[in-house]
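Subject: Handover of a structure

Dear colleague,

Please find below the structure that I am passing on to you.

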Amino acid sequence: MIRRPPRSTQSRSSAASDVYKRQKVYNKQKKAGKMAEKALEFHVVNLDGRFDIDFIGQTTEMLVSGRDMSVKRIDYSRQEKRGEVEVMDEVYAIAVNPTNLRQMVLGGGGKTADLIEDFAVDAPSVTLKFEGDVTSLAWSSSGRFLAAGAEESCAYVFDAVSEKTYKLEPGHEGTVVHVTFHHEERFVATFGSDGHDNVYTFLTKEMPTPALVRRQKVSKETSCKGPQLLQGTWQPMTDVLALPGGKNMSFLKRGRLQNDWDLSFDPNLRHDGDITIINFLRGATQVVTAGLDRRLCLWGFARRELLATFTAPECLQRLKFHEASESLVMTDFGGRYAVWEKVTRETVRRVMGVERPARRPLLLDEDME
């Protein structure tokens with residue numbers, strides 16, 4: 001027979017107060033210079049500063065694209081360039097198919113998104129045309145659907161099997177700056193320079209064509225060419241969308257009905273400037289945020305506690321987490337990238353200089369004798 005420790009009788013308000021107190025203590029230590037920040041080395045890969053990155057499967061290699069009209073293949077663990085391919089136009093967005101690593105899509109200043117295989121950039125299998133420069137690309141988890149945003153009001157979803165393209169309407173009043181898929185491909189979210197987030201249902205039995213189910217104001221109007229990109233993300237295995245835009249992280253959670261979405265704010269997950277990027281690590285145990293204050297913050301999501309922080313030379317424009325190597329790659333608007341390898345709790349403890357006690361073990365009957 002297993003005997004578990006008694007549940008805590010602490011109220012929710014008291015728990016929230018404890019989180020607030022821990023955050024207040026951290027702020028005092030940070031201000032006094034008693035808490036060390038994570039030190040990362042940035043590497044220059046593109047002097048212009050508008051570029052994208054994506055990983056190649058389970059390896060430690062990534063693709064880097066930018067305005068120098070090339071796609072570089074870099075081993076971020078060894079800081080070695082493994083190859084480089086020249087392209088015809090500036091590339092602002094890149095995405096590798098998660099189920100077919102030979103297939104990737106490039107989009108940018110040519111106002112097209114080219115689907116290519118084996119780096120055959122001169123012979124794309126499919127070319128999607130847009131009215132403006134391509135700003136964001138994202139594959140669904142199955143590798144079948146591709147979402148694309150550009151400097152126009154609407155985003156598009158391409159079905160790689162049927163080769164049919166869906167237009168997400170109604171769109172934004174400005175440029176689409178970011179697109180992201182739900183893990184089960186039931187929803188797709190777009191973020192625009194008008195400061196709004198649009199959530200669409202996607203190819204369900206009830207709605208065979210995409211339909212807008214929620215439009216949420218998350219920030220003031222921004223410029224897709226400036227540092228105020230809005231990059232939200234879906235919380236893994238849930239119908240919750242994490243929203244940037246304000247100093248506090250906010251969440252859009254789906255209710256029981258199709259069009260029932262609840263908006264909430266978390267006062268504990270906070271930056272000094274507006275949050276621009278959100279990314280979940282290791283499922284949803286940790287979350288990383290970046291903001292206009294140039295800070296990158298790593299949070300323990302369950303307890304809403306700040307685990308580590310880092311100040312970048314300039315505002316960050318991309319954050320991508322590699323599950324296999326547990327590495328976090330970030331890029332800034334100065335054309336540089338940095339890699340935080342092995343983002344684990346052990347690393348966090350060393351950075352913060354804090355050792356946390358182990359969890360209380362289960363008590364067996366023989367232990368009580």
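This is a predicted model: local features need pLDDT of at least 70, side-chain atom pairs count only at pLDDT 80 or more; totals for chains, interfaces and linings use all residues.

Residues are numbered from 1 along each chain as its sequence is written, and side-chain values use heavy atoms, leaving out hydrogens and water.

The largest nonpolar core has 20 residues; such a core is a set of buried Ala, Val, Leu, Ile, Met, Phe, Trp, Tyr and Cys residues joined through side-chain atoms within 4.5 Å. Buried means under 20% relative accessible area, with a 1.4 Å probe and protein chains only. Strands are DSSP runs (E, at least two residues), numbered from the N terminus. Among those that each supply at least two residues of this core are β24 (286–291) and β25 (295–300).

Six of the six residues of β24 are buried, so this strand is largely enclosed by the rest of the structure. Gln 286, Val 288 and Ala 290 lie on one side of β24, and Val 287, Thr 289 and Gly 291 on the other. Strands pair if DSSP finds at least two bridges between them. β24 runs antiparallel to β23, joined by six bridges, and pairs with β25 in the antiparallel sense over five bridges.

The bridge partner of Thr 289 is Cys 297 in β25. Cys 297 is buried, at 0% relative accessibility. The structure holds zero disulfides (pairs of cysteine sulfur atoms within 2.5 Å).

Yours sincerely

Technical notes. Buried means under 20% relative accessible area, exposed over 50%, partly exposed in between (1.4 Å probe, protein chains only). Helices (H or I, at least four residues) and strands (E, at least two) are DSSP runs, numbered from the N terminus.
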